[in-house]
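User: Could you take a close look at one residue in this model for me? Start with the overall picture, then zoom in.

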Amino acid sequence: MQSQTKRRMSPADLDALLRSSAGIGGRLEAELTDGCYNTAYRVRLDDGRPAIVKLAPPPDVPVLRYERGIMATEAMVYRRLTELPEGQVPGPELLYADDEFLMVSLLDGTPWDKVAKTLSPAATGTLRRELGAVTARLNTLVSEDGRFGYPAAASGLSAPDWRTAFTTMVDALLEDAAHWNSDLPEEPDTIRKLVAEGGYALDEVTEPRLVHFDLWPGNVFVDGGDHPRVTGLIDHERAFWGDPAAELISLAFGGDAGPDSDVVTGYVEAGGALDFTPALHHRLALYQLYLGLILVIEDGPRATDDAGHVAWTREYLAEAVGRVRGLG
């Protein structure tokens, strides 16, 4: 997808960047075009290893407030995941990271969205249960400073409790919406009121756990062969410290994420806690609203060229607002 936040480099410039920063050159083999924020290239390093290089947007390109410093967040997540027993949350190895780019090893397998239609129902069920288990293990990581919200200090979106952090995160998006003249289905003050009414449910979250929040099938690599397995998770840049239940919102893009679903079964079997009380349903509605706001408002700085995607994001947000209002 085309986006104004993408920063492209010639093969020679990319090689020079790698040599000056990571101390090893690389030959550009292909641009990975599925993402819509960073630029990603597959390269062949001088020592023969394949790798993925992700370039942050140029510093003068405007981004949403929560996106400030998110490349450092992704690197932090890769480092924190090494604290877990090997294989519990599979993914690429972090090879290099700074403010300008990061480089990771190439994963085995294929993005789930590329092979979803070829998988049998049995294979899909197996993979969804494993994805639930992998997600539960990721969610065991806890914020080192005890704060909720986005890890990057540049965003200024963290707080000592989840209600305050989440409210601040929503407020930041609404300020971005005003700047970019985003087409929202409700007035900002109405959205703020809907979030405030869910405060009692947000207060149930008392420990800041790592939340990926972008586990749609394109960010999950799988091997769909005779023994289906999840081979890795990628794109941790939008991670925050908060309520693990928020993972269900993006997990729903890959299939059922309700109480009796395969993904929830795998999550609970791996030790994750999900009690589908009225308060949890209220929080899930708020998290869908939050994601809907992101999807609509990010079209401003990105100036995406996909009219169908833009229309879908507006429908998604309108549905989310309706879901929250229905709980009032």
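Analyst: The protein has 12 helices and 12 strands, with helices (H or I, at least four residues) and strands (E, at least two) being DSSP runs numbered from the N terminus. Keep in mind that this is a predicted model, where local features need pLDDT of at least 70, side-chain atom pairs count only at pLDDT 80 or more, and totals for chains, interfaces and linings use all residues. Residues are numbered from 1 along each chain as its sequence is written, and side-chain values use heavy atoms, leaving out hydrogens and water.

As for burial, 51% of the 328 residues count as buried, meaning under 20% relative accessible area with a 1.4 Å probe, protein chains only (exposed is over 50%, partly exposed in between). Of the contacts (heavy atoms within 4.5 Å) between residues at least 6 apart in sequence, 71% join residues at least 24 apart.

Now for Asp243 itself. You'll find Asp243 in the loop that runs between strand S12 (240-242) and helix H8 (247-251). Asp243 counts as buried because its relative accessibility is 4%. What does Asp243 touch, leaving aside its neighbours within four places in sequence? That would be Trp162, Val205, Val211, Arg283 and Tyr287. With Arg283 there's also a side-chain to side-chain polar contact of 2.6 Å; a polar contact is a pair of N or O atoms within 3.5 Å, where, within protein, one must be able to donate a hydrogen and the other to accept it, and residues adjacent in sequence count only if both atoms are side-chain atoms.
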